[in-house]
Amino acid sequence: MKVTEHIAQSNGKTRFSFEILPPLKGQHVDSIFNNIDPLMEFKPPFIDVTYHREEYIYKELENGLLQKKVVKKRPGTVGICAAIQNKYNVDAIPHILCGGFTKEDTENFLIDLDFLGIDNVMALRGDAVKSETYFRPEKEGNHFASDLVEQISGLNSGNYLDEDLQNSSATDFCVGVAGYPEKHMEAPSLDSDIHFLKKKIKQGAEYIVTQMFFDNKKYFDFVAKCRKEGITVPIIPGLKPVATKRQLNLIPHRFKVDLPDDLIMSVVKCKNNQEVRQVGIEWCIAQSKELIKAKVPFVHYYSMGKSDNIRTIASEVF
């Protein structure tokens, strides 16, 4: 079922959803199930599965030369989505990226998803690989998320890259895209970021999931700006509980989001990460309750492969 259909059937009730990471290469799929199982009591209609593109490392050879080697530390997004739908009978939503894909790769990826009965995809540009300062698309790939959305929408209309195909069948994906209440790290301003978000909606995106935020006012202001610009699709808030002191520096650096002073000082005063975890849970519970009171369609949690704190939060608010 499409995300938009889940929202329509909820009749205004806020529902629970979450995102998982594929396990590191070499780990069993049970490592995923062990984190999903404790969250199924909250009846998530869908689970997002991130995609991690190939990266490059340089290995020094005996002769002193460097060998470029392709590595992929978290494979398996498509297989995990199929396993989730089979085991739990809920919708799995794979992330699909511009980075690392040609348009032909993207089309083949979407065909596989369609054959598996997957109804939703999250279309993202993706980040630059560690060896690059700025994002660089594949030579024959999509440059921006809006281009990716356009390709998916084209396939939904039966338009394949090979124009000579006869009797081609259309897909029917519901396309989600990312929104950034504090703007994308590369955007010059929030207004310009919303301008390009509107372009993704125009190309066919049907819902938005936000980057994590820790101040609900930033989400509410973002939604108000989007509505003012004529963006009417559902905007799902994404939350992540702080769990370690290290995240005080890591989250702002990696995700370019601000942490409220009250949250920072509460974490600073903690004696250990167990206390930090409790602070993060309580902060996220308060955020969740306020968002539910505002009748958001879903509260979407970034689990980062750990479900224990998400379960504690969900137990309090769902």
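Modeller: Two strands pair if DSSP finds at least two bridges between them. Keep that in mind for this predicted model.

Colleague: Over how many bridges do β8 and strand β9 pair?
Modeller: Strand β9 covers residues 235-239. It pairs with β8 in the parallel sense. Pairing needs at least two bridges. For β8 and β9 the number is three.

Colleague: Which residue in β9 is the bridge partner of M212, and which is the partner of I208?
Modeller: Both partners sit in β9. I208 has I235 as its bridge partner. For M212, the bridge partner is G238.

Colleague: Which helix makes a β-α-β unit with β8 and β9, and of what hand is the unit?
Modeller: The helix is α7, residues 216-228. Together, β8, α7 and β9 make a β-α-β unit. Its hand is right-handed.

Colleague: Is β8 mostly covered or mostly open?
Modeller: Strand β8 spans residues 207-212. Buried means under 20% relative accessible area. Six of the six residues of β8 are buried. The strand is mostly covered.

Colleague: What joins β7 to β8, and through which helix does the chain cross between them?
Modeller: Four bridges join these strands, which run parallel. The crossover from β7 to β8 is right-handed. The chain makes it through helix α6, residues 190-203.

Colleague: In what order do the eight strands close into a barrel?
Modeller: The pairing in the barrel is parallel. Neighbouring strands of this sheet are turned by 30° against each other on average, direction ignored. The order is β1-β2-β5-β6-β7-β8-β9-β10.

Colleague: Why is strand β6 largely enclosed by the rest of the structure?
Modeller: Look at both faces of β6. N120, M122 and L124 are buried on one side, V121 and A123 on the other. So β6, residues 120-124, is largely enclosed because of its buried residues: five of the five.

Colleague: Which strands pair with β6?
Modeller: On one count, β5 (residues 91-97) and β6 pair in the parallel sense over three bridges. H95 has M122 as its bridge partner in β6. Four bridges join β6 to a parallel strand of residues 174-179, and N120 has C174 as its bridge partner there. The pairing strands are β5 and β7.

Colleague: At about what angle does α4 run to β5?
Modeller: Helix α4, residues 103-115, carries the chain from β5 to β6 in a right-handed crossover. The helix lies across β5 and β6. Its angle to β5 is about 175°.

Colleague: Is I152 buried or exposed?
Modeller: I152 lies in helix α5, residues 145-156. Leaving out residues up to four places away in sequence, it touches I96, L110, V121, A123, T171, F173 and V175. The relative accessible area of I152 is 0%, and the cut-off is under 20%, so I152 is buried.

Colleague: How are α7 and α10 oriented to each other?
Modeller: Helix α10 covers residues 273-293. The two helices pack at about 30°, with their axes 10 Å apart. Angles under 35 degrees count as roughly parallel. Therefore α7 and α10 are roughly parallel.

Colleague: Which residues of α10 does α7 meet?
Modeller: From α7, the residues are N216, Y219 and F220. The residues of this contact divide into three nonpolar, two polar and one charged. The α10 residues are Q287, E290 and L291.

Notes
Residues numbered from 1 in each chain as written. Predicted model: local features only at pLDDT ≥ 70, side-chain atom pairs only at ≥ 80, totals over all residues. Heavy atoms only, no water. Buried < 20%, exposed > 50% of the residue type's maximum accessible area, 1.4 Å probe, protein only. Right-handed = clockwise from strand over helix to strand, strands pointing away. Axes fitted to C-alpha atoms, helices over the stretch in contact; angles between N-to-C directions. Parallel < 35°, antiparallel > 145°, perpendicular 65-115°, else oblique. Contact = heavy atoms within 4.5 Å. Nonpolar A, V, L, I, M, F, W, Y, C, P; charged D, E, K, R; others polar.
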